[in-house]
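The following note sets out several points for a colleague reading this structure. Please keep the sequence and the coordinates at hand while going through them.

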Amino acid sequence: MNTGFKRRVTPQRSFLIAGIAALAWTFSIAVVAQAGGPGVADTDVAIDQEIDALKTRIEKLESERAEERDSNRRELKKLKDKVARVGEGDKSQTDFLITGFAQTGFRDSEGSDGSFAFGSFNPILLARYRDRVLFESEIEFEVGENIDGVAETETTIGYMQVDYIVNDYLTAIAGRFILPLGTFSEKTHPAWINKMPNGPLPYAGHDSGLLPFNDLGLQARGAIPIGNTRVTYAAFVANGPSVATETAPAASTALGSAQNLAGVGPQLEFNSNISDNNSDKSFGGRLGFIPIPGVELGISGMKGAYDDAGNYDFSTLVLDAALQHSGFVDLRGEWIDTNQETDDGDIGRSGFWVQGAVKLGGIPSEPFQDALDNVPFLRRFEPVLRYSEINSDVQGDDRDQLSMGLNIYLTNTLLVKASYDSNDGDDEHGKYDAFNAQVAYGF
Amino acid sequence: MKDNTINKSTLIIISTAFALLLCAAAPATAAETKGKSGSALYADNCGRCHSERYPTERTDKHWKTIMMHMRVRAQLTGTDANKILEYLTSSN
């Protein structure tokens, strides 16, 4: 049946339908292309590769972190073990080792020919028992001349003592110990520590030293922290000095010094009073104060009878000061006063020394260090200047000395030292210049 | 022969003044020295007399013996000596 209705298609409509169809076709192609065409596949591969790379990276980082964690754990365990060993004490109950120093050198002074010095070898023996007991001894071997001018080997005991650590603040000592008078004898006399080839005049190792070096007796020493400062102390009782005799002449080694009063009063022997020659012991000690790091001040002294009857005393008072700055400046000095009672009245002798040293490598000046870059070896140099003096009540016994020195540190404990001493004195015998060179090693 | 009287008096006065000056300076720097590490104590105390000794120069056992020797010689407290020993034996 014909409805009578016939749709009429105009040309414009035909174009419109064709346009819509073309647009739909194009769109469908675009959609299909976007959904599953060759370009989509490429993008997926790139994303997958990137994801894989990230996974690998994460796994690597996790692995590295795990290794680092394990390494830290191992290091921590090692440190804990060491701390535990320090806290509990080493399992071994004893230990023995040899440390010390040695030196040899050359000396040329006015009025005598230059000579190579034999030097000395000073082993320090340390024997520890557990955590509280230490046996220690410094033995000096050197070649000297006897009274006939014949060379002979000399062996000197610098100290031979047993230390007992009572507590954190107290150590008890028995034996032959270095006397705590000033700081030179106790702390800076070893050749690799002393910044000059020789000692200052009050410690000169001949017959002119003002102070005793060591003695036999008992000592208590330690330190007490007060706030953030520290007070150090040492108190001793010892045999004390005696009178030098032909069989026990005054010591004249680097480790021993004796007082020669130019024939006035008995000549004292400080270091060989093995059996006390009287019933009076010598007493003394040192009180030190460390107000800030690098600064130390001290006062020390001793007093004791020296004659057989115990009627006459020898006494001394020492003030010392030291300053170190940033590891390259070292200033120190001592003032020493002694008094010897005699039949004819008291004989007083005093002296002092001051010394300054600067390690060139430590000077914190950028331009200066830049200049040293051209000659790096100069960083090992340490110029030293020292002045020392001895004054006496005895006519003709005064002396002074100005020393200019240079140290070259080949290593931290091996150094070459050279100095030029200008000596002056009351008599012509004390006026001369001298050149000293020394190689010193601390081991 | 020289007259030592003036020299002695002068030296005593200078020493006393120096000591008082340092005493006055001590409280100002006190806070800086509290609770120091072993390495700081090593630098403060050992460097006061001698050049640096490297931790690798000795074994733990020997450092312990040397520290006992130096504790007596340098008059260190037990606490400070143990801290320095800990530093030396953890760095060798």
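This is a predicted model: local features need pLDDT of at least 70, side-chain atom pairs count only at pLDDT 80 or more; totals for chains, interfaces and linings use all residues.

1. Helix packing in chain B. Helix 3 (residues 60-73) of chain B and helix 4 (residues 78-90) of chain B have axes 10 Å apart and pack at an angle of about 150 degrees. Helix 3 of chain B is therefore roughly antiparallel to helix 4 of chain B, since angles over 145 degrees count as roughly antiparallel. The crossing of helix 3 of chain B with helix 4 of chain B is right-handed.

2. Chain B overall. Chain B contains four helices and zero strands, and its elements follow the order α-α-α-α from the N terminus on. Of its 92 residues, 42% count as buried. The accessible surface of chain B is about 4,600 Å², and carbon and sulfur atoms account for 63% of that surface. Among contacts in chain B between residues at least 6 apart in sequence, 57% link residues at least 24 apart.

3. Chain A overall. Chain A has four helices and 18 strands. Its 443 residues include 43% that are buried. For chain A the accessible surface amounts to about 23,100 Å², with 60% belonging to carbon and sulfur atoms. Among contacts in chain A between residues at least 6 apart in sequence, 56% join residues at least 24 apart.

4. Where in chain A does Tyr169(A) lie? Tyr169(A) is located in the loop between strand 4 (151-167) and strand 5 (170-178) of chain A.

5. Contacts of Tyr169(A). With neighbours within four places in sequence left aside, Tyr169(A) is in contact with Arg221(A), Gly222(A), Ala223(A), Pro225(A) and Tyr233(A), as well as with Thr77(B) of the other chain. Tyr169(A) and Tyr233(A) are 64 residues apart along the chain, and a separation of 9.7 Å is computed between their C-alpha atoms.

Conventions:
Residues are numbered from 1 along each chain as its sequence is written. Chains are lettered from A and ligands numbered from 1 in the order in which they are written. Side-chain values use heavy atoms; hydrogens and water are left out. Axes are lines fitted to C-alpha atoms, for helices over the stretch in contact, and angles run from 0 to 180 degrees between N-to-C directions. Helices (H or I, at least four residues) and strands (E, at least two) are DSSP runs, numbered from the N terminus. Angles under 35 degrees count as roughly parallel, over 145 as roughly antiparallel, 65 to 115 as roughly perpendicular and the rest as oblique. A crossing is left-handed if the near helix is turned anticlockwise from the far one by less than a right angle, and right-handed if clockwise. Buried means under 20% relative accessible area, exposed over 50%, partly exposed in between (1.4 Å probe, protein chains only). Contact means heavy atoms within 4.5 Å. Accessible areas come from the Shrake-Rupley method with a 1.4 Å probe; for residues, only the protein chains shown count as cover.
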